[in-house]
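Subject: A structure for you to look at

Hi there,

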Amino acid sequence: MVDFHCHLDLYPDLADAIGTCDDARTATLAVTTTPKAFRRNVQLASKSEFVRVGLGLHPQLVHERWNELPLFEALLPETRYVGEVGLDAGPQHYRTFERQTEAFRRILIACASHRDKILSVHSVRTASKVLDHVEELLPRGSGKVVLHWFSGSAAEASRAASLGCYFSINQAMFKSDRGVSLVKKLPPDRLLTETDGPFVEIEGHPIGPGDVLEVVRLLASTLGNEVDDMRRTVVKNLAALVSRT
Ligand code: MN
């Protein structure tokens, strides 16, 4: 299975969280929220068969971690995966929006110059703006974008798909009718799964690292597929995403 957005280092024991993903044979993108967290994740995941580490600077932390942008740029050659990055215009973060935008644009420019990076992107209340920056600075062929927990409109989703974006879907997205109807409109060959652990909770407890079986079931029933066919589709989509052709 595939968990393309999980904060393994926000669980109590990072090594244990990595082991859980390996034992389950779940291909996992361990996203990070600050550049300073990257190396420890890489060290602990160095022997992992299934875990890859993203270099991140979370939009909600850009304001206080602005001084880590040069570190982000220095570490970028060490990884193909970038995340969590993006924009957040929710009520608590709107006032840092200019800074966020400047950081996100610098990150996209750096990724485009290295080429072939794969980004896990946060886009709370900013889908159109995120897509504007991606279209301008990371056009098709210079990198790939996976929109994590996408909550934009159907029109924005279709624009994202035409720009080549993938979508990583978590089980919390099925809690609203709007989320379910959006998922139905996404191109099946662009779907990945994610936990966004430990932020997504199940009955008051954080979802486990790599625990994507339920979202695969929800996707299958929403799209009218068999669970194992859905699982295989997501694995195939991941293979296409990471292929270098
Ligand atoms: Mn996240």
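Below is what I found, starting with the whole chain and moving on to single residues.

First, some ground rules. This is a predicted model, in which local features need pLDDT of at least 70 and side-chain atom pairs count only at pLDDT 80 or more, while totals for chains, interfaces and linings use all residues. Residues are numbered from 1 along each chain as its sequence is written, and side-chain values use heavy atoms, with hydrogens and water left out.

**The whole chain**

The chain has nine helices and ten strands (DSSP runs, numbered from the N terminus: helices are H or I with at least four residues, strands are E with at least two). Along the principal axes, the C-alpha atoms fill a box of roughly 45 × 40 × 40 Å.

Of the 245 residues, 54% count as buried (buried is under 20% relative accessible area, exposed over 50%, partly exposed in between, with a 1.4 Å probe and protein chains only). Taking contacts (heavy atoms within 4.5 Å) between residues at least 6 apart in sequence, 72% join residues at least 24 apart.

**Helix α6**

Helix α6 covers residues 154-162, and its buried residues are E156, A157, A160 and A161. Seen down the helix axis, these fall within an arc of 140°, so they line one face of α6 (the arc is that of the directions from the axis to the C-beta atoms). They pack against α5 (127-137), β6 (143-148), β7 (166-169) and α7 (177-185). On the other side of α6, A155 and S162 are exposed. After the helix comes G164, with a positive phi near 95°.

**Two residues to look up**

N237 sits in helix α9 (residues 227-242). With a relative accessible area of 4%, N237 is buried. Apart from neighbours within four places in sequence, N237 is in contact with Y166, P188, D189, R190, L191 and L192.

E102 belongs to helix α4 (residues 97-114) and counts as partly exposed, at 43% relative accessibility. E102 and V180 are 78 residues apart along the chain, and their C-alpha atoms are separated by 33 Å.

Enjoy exploring!

Best wishes
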